[in-house]
Amino acid sequence: MPKKWRNNTIRDRHRAVIAADEPPCAECGRAIDYTITDQYDPWVFTVDHVVPLALGGSDLLANKQAMHRLCNLKKGDRLPGCTTSKQRPAPRTGRDSTYEPTTALARGIPADQLPPGVTFVTGRDW
Ligand SMILES: [Zn+2]
């Protein structure tokens, strides 16, 4: 008899089912190295919710896909293919016509002036 299922058991099973096919990253399309065990490695396999839980997505296997940790972090709570609710404004004219979020911190740009969809900025050079 199986032990009583815990919540993370289903999550682990979904993770195993997805990893079994070793699909490429759903965000960048590149292969994922499923042998990486370091959970903080930017290229480690993570399970992404197609529709984020924060936006009402389900925790069912159908709503899950494989993604690099880095790509998952970059994706955040953005809906795939969604261009209506969070459409990016036209590039600013002036000093930042080509906006590079990863360099925003280095330029001293306050968080409330970051473009839509950018929820955090690290000083890291990816
Ligand atoms: Zn990726």
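Setting aside neighbours within four places in sequence, Val-47 is in contact with His-14, Arg-15, Ile-18, Lys-64 and Ala-66. Val-47 belongs to strand E1. In this predicted model, Val-47 has 18 C-beta neighbours inside 10 Å and therefore counts as partly exposed, since burial requires 20 or more.

The protein has two helices and two strands, and from the N terminus on they are arranged α-β-β-α. Helix H1 covers residues 7-20, and strand E1 covers residues 45-49. Strand E2 is made up of residues 64-68. E1 and E2 pair in the antiparallel sense, over five bridges. One of the residues involved is Phe-45, whose bridge partner in E2 is His-68.

Phe-45 also reaches other parts of the chain. Apart from neighbours within four places in sequence, its contacts are Ala-19, Ile-32, Tyr-34, Ile-36 and Ala-66. Phe-45 is a member of the largest nonpolar core, a set of seven residues that also holds Ile-18, Cys-25, Ile-32, Ala-66, Met-67 and Cys-71. Strand E2 is largely enclosed by the rest of the structure, because four of its five residues are buried. Over the protein as a whole, 10% of the 126 residues count as buried. Of the contacts with a separation of 6 or more, 48% join residues 24 or more positions apart.

The loop between H1 and E1 deserves a separate look. Glu-22 lies in this loop and has a phi near 45°, a positive value in a residue other than glycine. With 12 other C-beta atoms within 10 Å, Glu-22 is exposed, as the limit for that class is 12 or fewer. Arg-30 is also placed in the loop between H1 and E1. Arg-30 has 11 other C-beta atoms within 10 Å and so is exposed. Beyond its neighbours within four places in sequence, Arg-30 is in contact with Pro-24 and Cys-25, and Cys-25 is part of the largest nonpolar core. Another core member, Met-67, is 37 residues from Arg-30 in sequence, with 9.3 Å between their C-alpha atoms.

The loop between E1 and E2 contains Asp-59. Asp-59 is exposed, because 12 other C-beta atoms lie within 10 Å. Between Asp-59 and Ile-10, 49 residues apart along the chain, the C-alpha separation is 9.4 Å.

Confidence in the prediction should be read alongside these details. The mean pLDDT of the protein is 77, and 55% of its residues reach 70 or more.

Definitions and conventions
Residues numbered from 1 in each chain as written. Predicted model: local features only at pLDDT ≥ 70, side-chain atom pairs only at ≥ 80, totals over all residues. Contact = placed C-beta atoms within 7 Å. Core = buried A, V, L, I, M, F, W, Y, C linked by C-beta atoms within 7 Å. pLDDT = per-residue confidence, 0-100. Pairing = 2+ DSSP bridges.
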